[in-house]
Amino acid sequence: MTTTSPYENLDAWIDAHFDEEVRFLQELVRVPTDTPPGNNAPHAERTTELLRAFGFEAEQHAVPAPVVQEAGLQTITNLVVRRQYGQGGGRTVGLNAHGDVVPPGEGWTHPPYGAEIADGKLYGRAAAVSKCDFATFTFATRALEALGAPLKGGVELYFTYDEEFGGELGPGWLLEQGIVKPDLLIAAGFSYQVVTAHNGCLQMEVTVNGKMGHAAVPETGVDALQAATRILVALYEQNRIFKGTRSQVKGINHPYLNVGLIEGGTNTNVVPGKVVLKLDRRMIPEENPAEVEAALRRLIQDAVSDCPGITIEIRRLLLANALQPLAGNRPMVEALSRHGSAVFDEPVEAAGTPLYTDARLFGERGIPAVLYGCGPRTVGESNAKRADEHIDLEDLRRATKVVARALFDLLD
């Protein structure tokens, strides 16, 4: 008599319901969640409807409108689905993915909200980051429950809408309000590695103030752009220095500084009186964020210290701490690595990533967190945040199996 293992039964259920999983993801992609402007409550409403069809009741936690508007967004409704098993005890495993995403931009060959399928790939904005893991986590949980095995503990799904602006009104708000407090957390991630650490990120706005003047009599002005150029030279010199500082975390290289936006001036014949720079400083896990920020502020001030008439304003836009591996993450890492390697038929190992994610917000509260889900080996492969963002449907199928198997191990 041949018997099947629980893992084989989970895999079989996912295979049998995979077309349904793909349709679920298509429906999610078809509801835009461009952030900005950040009107994401409609997507939460649609997701709630779709989940209800599976027998999953989603708690809707609307962030108060004044708080959302102060952050520069329009609406945020975070979703929580709680599934409890057994008569008490056991771990609660949270599964978190975000629905907000950057606007589509130009250059698409497939409609950004069409959720079209071509050559085994599903195209659409947020298909890869990270509505695909709404599907991965939902169908892994459904497969687990369909197994009918005795389980102990619970699964909670957190579908949130503030990753693009830092996560403080997504997972951060749910945690701060005491709405969620899982024992372990798996966040949206990649199929070919289990991410246990990631970079931190400091974003700052630097306003360089001079004085406008006529270009024909430049001595009547104080050139803010010339001063800003000195700041830019000093900032970019740091990237050469940063290459000598290497992280000990596999998958993470060195710190990096990027100036992503420059605004200033009024016309070609006017000495620019104001220039604004927005910069992004990626911090490796070994760095101290407070020290990084203090050093960056000093560097900027020193660059223009001998520029008469120039004043500087520096405003922090975002400080996202690095995700540090916590000792309690071992059961998740072992389960996801073991099943990932088996399902994908290649080594799936623990590693770090230079990205920063919402998972750090759980880690900061002592909740062991890792990243795993549907995604390629690199962000670039999926065109995330670029035209023609997509996922490979086989990655979606296999990642769902890996998560379902891991949940079984964690709750068995």
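Predicted model: local features only at pLDDT ≥ 70, side-chain atom pairs only at ≥ 80, totals over all residues.
**View 1. The surface and overall build of the chain.** Residues are numbered from 1 along each chain as its sequence is written, and side-chain values use heavy atoms, with hydrogens and water left out. Of the 412 residues, 55% are buried, meaning under 20% relative accessible area (1.4 Å probe, protein chains only).

**View 2. A stacked pair of phenylalanines.** The rings of F134 and F159 sit 4.1 Å apart, centre to centre, with 10° between their planes, so they count as stacked (paired rings of Phe, Tyr and Trp, the last by its six-membered ring, have centres within 6.5 Å, and stacked planes are under 30 degrees apart). F134 belongs to helix α5 (residues 127–146) and F159 to strand β6 (residues 153–160), so the pair links parts of the chain 25 residues apart (DSSP runs: helices are H or I, at least four residues; strands are E, at least two). Both F134 and F159 are buried.

View 3. W13, F24, F54 and F139 come together as one aromatic cluster. Over the ring of F139 sits the charged end of R142, 5.0 Å from the ring centre (CZ of Arg or NZ of Lys within 6 Å of the centre and within 35 degrees of the ring normal).

**View 4. Arginine over F18.** Here the charged end of R397 sits over the F18 ring, 4.2 Å from its centre.

Note on methods. Phe/Tyr/Trp six-rings, centres within 6.5 Å; stacked < 30°, edge-to-face > 60°. Buried < 20%, exposed > 50% of the residue type's maximum accessible area, 1.4 Å probe, protein only.
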